[in-house]
Amino acid sequence: MPLLVLDTMVLNHFTLADRLDVLQDLLIDADCWTTQVVIEELRAGAITVPTGCECLQVES
């Protein structure tokens with residue numbers, strides 16, 4: 001299983017396109033992580049683009 005660290009650009013673009021489902025399908029077999037800085041950037045951007053919060057939801 002590959003280990004991937006996702007940055008703001010990837011998460012933000014898939015969120016803005018309303019296609020997190022596609023990202024999930026592409027990464028279904030990967031172990032995905034991100035950094036606290038990326039999470040903070042997405043939260044800050046969610047103020048101006050409310051759909052940005054969608055990618056902050058964690059599926060367990």
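Biologist: What makes up the chain in terms of helices and strands?

Modeller: In this predicted model, the chain has three helices and two strands. Going along the sequence, they follow the pattern β-α-α-β-α.

Biologist: How much of the chain counts as buried?

Modeller: Of its 60 residues, 20% count as buried.

Biologist: Let's take T15, then. Where does T15 sit, and why is T15 called buried?

Modeller: T15 belongs to helix 1, which covers residues 8-16. Its relative accessible area is 3%, and buried means under 20%, so T15 is buried.

Biologist: What does the side chain of T15 reach?

Modeller: The backbone oxygen of L11, at 2.7 Å.

Biologist: Which residues make up the largest nonpolar core?

Modeller: There are seven: L6, L11, L23, L27, A30, V38 and L42. What makes them a core is that they are buried nonpolar residues joined through side-chain atoms within 4.5 Å.

Biologist: Pick A30 from that set. What is A30 in contact with, leaving aside neighbours within four places in sequence?

Modeller: M1, P2 and L4.

Biologist: Back to helix 1. How do helix 1 and helix 3 cross?

Modeller: Their axes come within 10 Å and cross at roughly 35°, with helix 3 spanning residues 36-45. The contact is made by T8, L11 and N12 on the helix 1 side, and by V38, E41 and L42 on the helix 3 side.

Biologist: What is the handedness of the crossing of helix 1 and helix 3?

Modeller: That crossing is right-handed.

Biologist: T8 is on your contact list. Why is T8 called buried?

Modeller: T8 has a relative accessible area of 17%. The cut-off is under 20%, so T8 counts as buried. T8 lies in helix 1, and beyond residues up to four places away in sequence it touches V38, E41 and L42.

Biologist: How far apart are L11 and I39, in sequence and in space?

Modeller: They are 28 residues apart in sequence and 9.9 Å apart in space, C-alpha to C-alpha. For the chain's contacts between residues at least 6 apart in sequence, 69% join residues at least 24 apart.

Biologist: On to charges. How many salt bridges does the structure hold, and which side chains meet in a salt bridge?

Modeller: One, and the side chains are those of D21 and R19.

Biologist: What makes that pair of D21 and R19 a salt bridge?

Modeller: The N to O distance is 3.0 Å, and the requirement is within 4 Å, so the pair qualifies. In general, side chains of opposite charge can pair when their charged atoms come close.

Biologist: Why are D21 and R19 called partly exposed?

Modeller: D21 is at 37% relative accessibility and R19 is at 39%.

Biologist: Last one: D18. Where is D18, and what about its phi?

Modeller: D18 is in the loop between helix 1 and helix 2 (20-26). Its phi is positive, about 55°, although D18 is not a glycine.

Biologist: And why does D18 count as exposed?

Modeller: Exposed means over 50%. D18 has 53% relative accessibility, so it counts as exposed.

Key
Residues numbered from 1 in each chain as written. Predicted model: local features only at pLDDT ≥ 70, side-chain atom pairs only at ≥ 80, totals over all residues. Heavy atoms only, no water. Helix = DSSP H or I, 4+ residues; strand = E, 2+ residues; numbered from the N terminus. Buried < 20%, exposed > 50% of the residue type's maximum accessible area, 1.4 Å probe, protein only. Polar contact = N/O pair within 3.5 Å; in protein donor to acceptor, adjacent residues only side chain to side chain. Contact = heavy atoms within 4.5 Å. Axes fitted to C-alpha atoms, helices over the stretch in contact; angles between N-to-C directions. Left-handed = near helix turned anticlockwise from the far one by under 90°.
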